[in-house]
Amino acid sequence: MRRSRRSRTSAAESTSSSHLAESTSSAQGEAAPPSPDLVALLAAVNGDERLVESIERHRFGESAEALCARFARARAGSLPKALAMLRRDMERREERGFADLRAMSAAQVLSLSPSRDGSDGGALRDRLLGEWNPTGLLGRDYAGRPVLYRNFSRPRLWDVPLPLSALLKYNEWVSERLAASMGDVGKWTIVIDVANMGAVQCLHPTHLAFCKGLARTDAAHYPERLGRLLLINAPAVFEKFWNAFKAVLDPNTVAKIDILGRGPAVQRRLAELMPPEILPLALGGKATLSLAGLDPALPSLPPSAPVFDVVATRSSRGSGIACVAVYDCEEEPSPQAEE
């Protein structure tokens with residue numbers, strides 16, 4: 001059986017210079033200038049030394065120009081919007097200490113806000129994983145993207161002994177650790193299980209505020225990171241919730257989301273996108289959920305074969321961070337491609 005595979009090339013060359021330079025190298029060594037949107041955004045960024053310094057602090061494994069390219073694509077055709085979005089992202093990351101957040105363990109993050117019942121961070125982590133929000137990094141899908149599974153079917157958030165702000169902070173940590181798990185390069189696939197979610201959960205103000213907070217955070221800080229989002233085991237009542245929720249999402253994001261009910265269709269769709277064995281036991285797979293691969297306090301997942309082709313290039317001007325065209329060769333794998 002042949003599995004389709006996606007490849008992405010991005011720059012990996014960085015220096016301490018505060019200048020983002022331009023280059024025209026491609027993965028094949030051919031001349032391929034970056035998009036006009038990216039060129040304009042880089043020029044604007046280069047005029048703001050503080051912004052360049054902030055990008056250097058928060059890009060981690062991603063090249064500076066690849067980071068800018070994500071924002072240029074997210075607000076294609078509008079330099080003011082792309083630049084404003086990038087600035088807000090960097091300002092928010094500085095204010096909320098994202099760099100420190102991603103270095104923390106789950107227990108440390110959950111200890112930042114006192115719980116109403118006196119539980120420590122370790123106990124809260126265990127209850128989140130086993131009761132309120134089972135979460136796990138499953139492996140890679142056929143496109144080479146990391147697959148994160150999250151189960152939101154069980155919790156009544158008003159019973160969780162943490163303020164809403166602490167739960168949103170924990171979600172920021174999950175996203176930062178997910179990005180770190182893939183070297184801050186490429187896109188991810190998210191599987192959200194909403195089995196047994198009832199009308200009370202879907203329509204309760206606390207749940208709505210939490211879900212809108214998730215959407216806003218992901219849209220503001222992780223543009224062009226989502227490859228595919230699958231909401232599975234959705235009950236009939238979920239349609240009303242979804243209609244209210246998707247209004248806060250970008251249309252391009254909505255196009256990447258599959259809403260699946262229960263039954264064989266779920267397994268069929270998942271099998272089109274990823275090896276069935278990486279799924280949790282409840283979905284017919286072999287995975288036991290844990291925060292391994294996400295939580296730096298836990299062992300990492302076994303290393304997998306490289307997925308992304310990274311091309312290091314130097315600026316033709318001899319200094320600065322080289323800008324290369326970022327190629328997205330992604331296309332959805334199909335059952336036919338697997339045969």
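**Helices and a sheet, question by question**

Q: Is the crossing of α2 and α4 left-handed or right-handed?
A: A crossing is left-handed if the near helix is turned anticlockwise from the far one by less than a right angle, and right-handed if clockwise. Helices are DSSP runs of H or I with at least four residues, and strands are E runs of at least two, numbered from the N terminus. For α2 and α4, the crossing is left-handed.

Q: What kind of model is this?
A: Residues are numbered from 1 along each chain as its sequence is written, and side-chain values use heavy atoms, with hydrogens and water left out. Local features need pLDDT of at least 70, side-chain atom pairs count only at pLDDT 80 or more, and totals for chains, interfaces and linings use all residues, this being a predicted model.

Q: What is the orientation of α2 to α4?
A: Axes are lines fitted to C-alpha atoms (for helices, over the stretch in contact), with angles from 0 to 180 degrees between N-to-C directions. Under 35 degrees counts as roughly parallel, over 145 as roughly antiparallel, 65 to 115 as roughly perpendicular and the rest as oblique. The axes of α2 (residues 49–58) and α4 (residues 79–96) come within 10 Å and cross at roughly 60°. So α2 lies to α4 in a way that counts as oblique.

Q: How many charged residues are in the contact of α2 with α4?
A: Contact means heavy atoms within 4.5 Å, and the residues involved include Leu 51 and Arg 57 of α2 and Met 90 and Glu 94 of α4. Ala, Val, Leu, Ile, Met, Phe, Trp, Tyr, Cys and Pro count as nonpolar, Asp, Glu, Lys and Arg as charged, and the others, Gly among them, as polar. Besides five nonpolar and two polar residues, the number of charged ones is four.

Q: Which strands stand at the edges of the sheet?
A: Strands pair if DSSP finds at least two bridges between them. The open sheet has five strands in the order β2-β3-β4-β5-β6, with mixed pairing. Each edge strand has a single partner, so one side of it is left without a neighbour; these are β2 (135–140) and β6 (257–259).

Q: Which residue in the hairpin turn has a positive phi?
A: β2 and β3 form this hairpin, with five residues between them. The residue in the turn with a positive phi, about 85°, is Gly 144.
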